[in-house]
Amino acid sequence: MFRLSSGEKKFVAIIAIIGVVFVAVVAGGVFALTSGHEEEAPYLQATTGKTLVKVQPTILCDIDLSNCRKGAEGTFARELPVPVGEQAIISVSQGIADAPWALTIEYLTPKGFEQEPPVFYAPNERFTFTVSSTKDKIVSNVEVRLPSGRTDAGGAPITRGFWSLKTLPPNTEVPAAR
């Protein structure tokens with residue numbers, strides 16, 4: 001049998017105590033950093049020029065339309081003006097891209113506002129897209145939607161997540177409705 005001297009026993013005891021304290025501090029730190037934090041909601045990130053904005057959902061529900069969470073009170077859309085001759089680069093986060101999603105873009109034209117038909121993307125098909133403003137077609141709004149597992153009376157999927165980005169430059173003249 002192997003015998004330790006009293007000095008060696010004290011050394012082993014001190015090392016053991018240090019090890020226990022180290023594990024307790026690391027475990028406590030990990031718990032403090034991760035407890036109480038909800039998983040971040042999926043988002044859009046958009047940039048034009050030197051401006052970068054993060055767009056949180058207006059509403060986001062689970063796929064069965066349960067557990068719905070609304071965005072901040074009084075906010076419907078973030079703003080990122082896209083002046084004539086410029087473009088915005090928009091990215092969807094993993095929480096959007098890993099599900100089927102729809103993109104709708106609205107433009108201001110000499111005839112008024114015109115909305116393009118929605119474009120649908122399969123999971124992980126697309127993460128980034130650009131929108132451009134021209135003299136005759138100024139991008140005014142970008143919408144991203146996540147469909148739910150439910151449909152309305154007409155058979156169309158009910159939206160479970162919605163993000164909106166207002167891109168119409170300030171002081172843009174809007175033609176009168178005809």
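Tutor: Before we start, contact means heavy atoms within 4.5 Å. Also, this is a predicted model.

Student: Okay. Which residues is S93 in contact with, leaving aside its neighbours within four places in sequence?

Tutor: P42 and Y43.

Student: What does the side chain of S93 reach in Y43?

Tutor: The backbone nitrogen of Y43, at 2.9 Å.

Student: Where does S93 lie?

Tutor: In a loop. That loop runs between strand 6 (87-92) and helix 2 (94-97).

Student: And is S93 buried or exposed?

Tutor: Buried. Its relative accessible area is 10%, and buried means under 20%.

Student: How much of the protein chain is buried?

Tutor: Buried residues are 28% of the 178 residues.

Student: New topic. How many helices and strands does the protein chain have?

Tutor: Two helices and twelve strands. In sequence, the pattern is α-β-β-β-β-β-β-α-β-β-β-β-β-β.

Student: What is the order of the open sheet of four strands?

Tutor: The order is 2-1-6-10, and the pairing is antiparallel. Strand 2 (51-55) and strand 10 (128-132) are the edge strands, each pairing on one side only. From one strand to the next, the twist averages 20 degrees.

Student: How many bridges join strand 1 to strand 2?

Tutor: Five. Strand 1 covers residues 44-48, and the two strands run antiparallel.

Student: Which residue in strand 2 does A46 stand opposite?

Tutor: V53.

Student: Last one. What does the accessible surface of the protein chain come to?

Tutor: About 11900 Å². Carbon and sulfur atoms hold 59% of that surface.

Technical notes: Residues numbered from 1 in each chain as written. Predicted model: local features only at pLDDT ≥ 70, side-chain atom pairs only at ≥ 80, totals over all residues. Heavy atoms only, no water. Pairing = 2+ DSSP bridges. Axes fitted to C-alpha atoms, helices over the stretch in contact; angles between N-to-C directions. Buried < 20%, exposed > 50% of the residue type's maximum accessible area, 1.4 Å probe, protein only. Polar contact = N/O pair within 3.5 Å; in protein donor to acceptor, adjacent residues only side chain to side chain. Areas by Shrake-Rupley, 256 points an atom, 1.4 Å probe, with all protein chains shown as cover.
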